[in-house]
Amino acid sequence: MANGSAHTWTLLEAARKVREKEISSQELTRALLDRIDALEPKVHAHITILREAAIAQAGERDRELAKGIERGPLHGVPVGLKDIFCTRGVRTTCGSRILHNFDPPYDACVTEKILASGAVLLGKHNMDEFAMGSSTETSFFGPTRNPWDLARIPGGSSGGTAAAVAAAMCFAGVGTDTGGSIRQPASLCGVVGMKPTYGRVSRYGMIAFASSLDQAGPIARTVSDAAALLGVIAGHDRRDSTSLDLPVPDYLAAVRRPVRGLRVGLPKEYYEGGGLSPEVREAVEKALKALTDQGAVAVDVSLPHTEYALATYYLIAPAEASSNLARYDGVRYGHRAEGAAGLIEMMSKTRAEGFGDEVKRRVMIGTYALSAGYYEAYYGKAQKVRTLIRRDFTKAFEAADVLLTPTAPTPAFRLGEKTGDPLTMYLSDIYTIPCNLAGIPGISVPCGLSATGLPIGAQLLSNHFREETLFTAAGAIERALPPPRTAPLEG
Amino acid sequence: MPFEAVIGLEVHAQLSTRSKIFCSCSAAFGAPPNENTCPVCTGMPGVLPVLNRKAVEFTIRTALATSCTVQRRSVFARKNYFYPDLPKAYQISQYELPIALGGHIDIDAGNGTKRIGITRIHMEEDAGKLVHEGEFSGAQASLADLNRCSVPLMEIVSEPDMTTPEEGGAYLRRLRDILVYLGVCDGNMEEGSFRCDANVSVRPSGVKEFGTKVELKNMNSFRNVEKALEYEIRRQSEALEDGGQVVQETRLWDANEGRTVSMRRKEEAHDYRYFPDPDLLPLIIDEAWIEELRKTIPELPAEKIARLERQYGISRYDAALLASDRALADFFEASAAVFGGNPKTTANECIHWKDAVLARKLSPETIAHAVEDRERGTVSATASKKLVELVLSTGKPFRTLRDEQGLTQVSDASALDAVVEKVLAASPKEVESYRAGKAGLLSFFVGQVMKESRGKANPRVVQEVLKKKLG
Amino acid sequence: MAITREEVLHVARLARLAMSDAEVERIGGQLSTILDYVKQLDRLDTRDVVPTSHAVETGTPMRDDVVIPFGDREAILANAPDRRGDCFRVPRIIED
């Protein structure tokens, strides 16, 4: 029982070792909590760490195992959740001051499923406020740092989760992705992150940012881990009307399938443009070679409306967000401003104090885009262009089984580098956004390191409900280009 | 200058489902504050709506009963505004694509019927209640009770087809009756399950263009709607006559003062920023479901009134009174089926005993027997009333009580013969006076016969027998 | 396409966001930049395109009309910043 290296195990390895009683859940949990203690001052991946509760939970898991009870495939394994999933009895902040003291009266569906799988909840991860951001710099609780280079951002908005997984502070985590918020931080932190098809995972209890785009998904150190975790959280939920009633396949089985004959589309629009760093291009080309070496076939495709995706997203997402965030008015929960003379002042002051700049910006854009006289020109128009973007993908998937693209245009940038101008920050999501608009699934898998040792990820996209194909292709890349298991920083 | 009014009415009807429209909390009225709440209807972070099928059913049936076209595809939209009784800061409603369009209701107007168009029907959720803390305007705070949040509502918008307050009242009453007949709403304006706002404008008679429209709110009974309309039409006409203008605004009806008052609050043009709710998919209704529900539409008030009138030969007025409650009309018909010899009397009896009928304290047989006995002269009208009251207090059958109480009238002339003879024999002087021309003495004789028969003689028959004998 | 100060104030009011003059100006500038950027969508002819108003194409699911009480009023009220009895307490609306 090498506790010193327990944190380097994969999720599945850890699950097996606990199940086979090579290590107790409590020992494993303590090992990770110690690691968190050591690394948190540097990385700051968490908003809430559940030390006592996790140890107690782990103890219960051990007692159950002793009686031969196994709750599920992750029995006794410590994991983390982005602080966007409601956890009853545990404050859930969404990275915002306005919810800094919110204790949800219920569990999110994802929370329920994680607990039902037997996993132990270590903590709630840091995130960009209300999931709005690409660097985790907008969190009210301070930024998270990239474990690969503490002067750099981990990506966002699920930066805390990606950093925690990369730094082996948990065996895996669940994040959310609205415009790339799982895939981009996964790429920048050298881990695997997947956004499933819209409707694959229930949004019940997942604090809403942009309802027609948000999806929860796994972040883990290996493709198999991600596949296993998706299997745990996916499935129909009656409480989410957009949740689809389709059976959950065995994603794990897909990971080892051969890619011989797989048609890998290369959308030319993703490889043009000056923003793409040469190192990233090179690394993604290695990923392509990994696939073609194993029998996949490269195909040129085109997604002609790609250049309009960012504008489309930055109208639709803020519009939905402006409505979703209107409930934060100081009446029933969360922060309430003091000293207001009347109701309107109370609400206005509460929201001014409770929201950070990025959130306010997006609420303003969204409100504007929906307002009288502007709806057709902005929101209405964007919804139409969204249809064009979806059609692009439908057409591309006639010629290809998966699409291969970079996940992010560059490796991790420095803290503060892009906070001066919103548009500059938005451009980090240029490759990930179209997938959310179309509702299709996407995965980021590590495919190399930059010259300065920063992780680079390759993105794979597939048609609706073809997550298995993504796991197959990602697995093939991983086998050819095995990434380091954890970030080099030591605690 | 004569003016004509243009009136449109907007009704919000609370649907009598058991649970709320988007969550499974109870939709019942009158619970302690915030008792019927959950994370969904209180707008907690992360919650999502799930549509109540019964609410859709009720709305489809209402659409069918008002001849609307049910839309195969309709969309829920968010209506965004901030208020403490609106937890999500948006109301889930329907905007561009409502569930039903283009229907009508026929009302009695003047000598015939008038068709009032219905523009649209859509579904939405109700808001909670805000009460001011303390009694006086100095109160600094309000208290929010969210029990009512997400109770299902149907919004029914009429065409501006009404021209008088009476037509407005008739439309509302007819619409309410239809909803109650369908069992979709309990139609109680005072309790708030049936609410009405009005849009009123006036224009010089004969002019085609509409005048400026004023919205009226805060009318909590049919009568108050009529009064408010009456007042407002007069106010606007006078304003225009004096050379002034009508301001487009919202006014509140003040029932105490009997006038409408401007809301005065700077009504910042409400920009609700409607957009399709991404948490709910389009509402798809197939033909099969519509047809299945069409079969459940009962005979509606207008048809019932006409049929009762026709079939039973009763007055339209009485038919309308009976039809004002489906249970009462059904009772009437059941009673007439037992004894149909005098439907007019049956109708009168049902109307007279309406409260007991609706409280299910009387059976159709009781009324049928009462009517039949009166028809045959077996009991007098007075006795009949007394007997029904006894039925109510004792629960015994009408005829049992009639016999127990000895209230059977003797109506057979030959049976009365002996008594009449006896009375006449006992009053020879009066007989002579009568025959000499004092016709008024007839009532004296009737009285004596009644006394002699201990009230059992049918006075009408007594009179006839007396007249025959006295000549 | 610059968004005017009045428009910024109007939108801020609609969104219930109190703002200092400096913020109004700063955010106004940022909004203008973003709005300029999104104007590129006008280059596309979308006259015959149906908007994607819903991410999923099927009809909305419906549930049975059954009461399932949440059964924990305290939990619903527990986060209230200001509570009186079993109600949420808020400042009165002040007429402007």
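## Strand S5 of chain A

Strand S5 (residues 192–195) of chain A is covered on both faces. A:Val192 and A:Met194 sit on one side, A:Gly193 and A:Lys195 on the other, and all of them are buried (20 or more other C-beta atoms within 10 Å of the residue's own, with C-beta atoms placed from the backbone). Strands here are DSSP E runs of at least two residues, helices are H or I runs of at least four, and both are numbered from the N terminus.

## About the model

This is a predicted model, where local features need pLDDT of at least 70 and side-chain atom pairs count only at pLDDT 80 or more, while totals for chains, interfaces and linings use all residues. Residues are numbered from 1 along each chain as its sequence is written, and chains are lettered from A and ligands numbered from 1 in the order in which they are written.

## S5's partners

What does S5(A) pair with in the antiparallel sense over two bridges? That's strand S6 (residues 215–220) of chain A, with A:Ile219 as the bridge partner of A:Gly193. S5(A) also runs antiparallel to strand S10 (residues 442–449) of chain A, joined by three bridges; there, A:Met194 is partnered by A:Ile443. Pairing takes at least two DSSP bridges between the strands.

## Domains in chain B

Over in chain B, the assignment gives domain 1 (3–290), domain 2 (301–405) and domain 3 (413–470), with bounds from an automatic or database domain assignment. The C-alpha centres of domains 1 and 2 of chain B are 38 Å apart. Their contact takes five residues from domain 1 and four from domain 2 (C-beta atoms, placed from the backbone, within 7 Å). On the domain 1 side, helix H2 (residues 165–182) of chain B gives the most, with four residues.

Technical notes
Contact = placed C-beta atoms within 7 Å. Buried ≥ 20, exposed ≤ 12 C-beta atoms within 10 Å, placed from the backbone.
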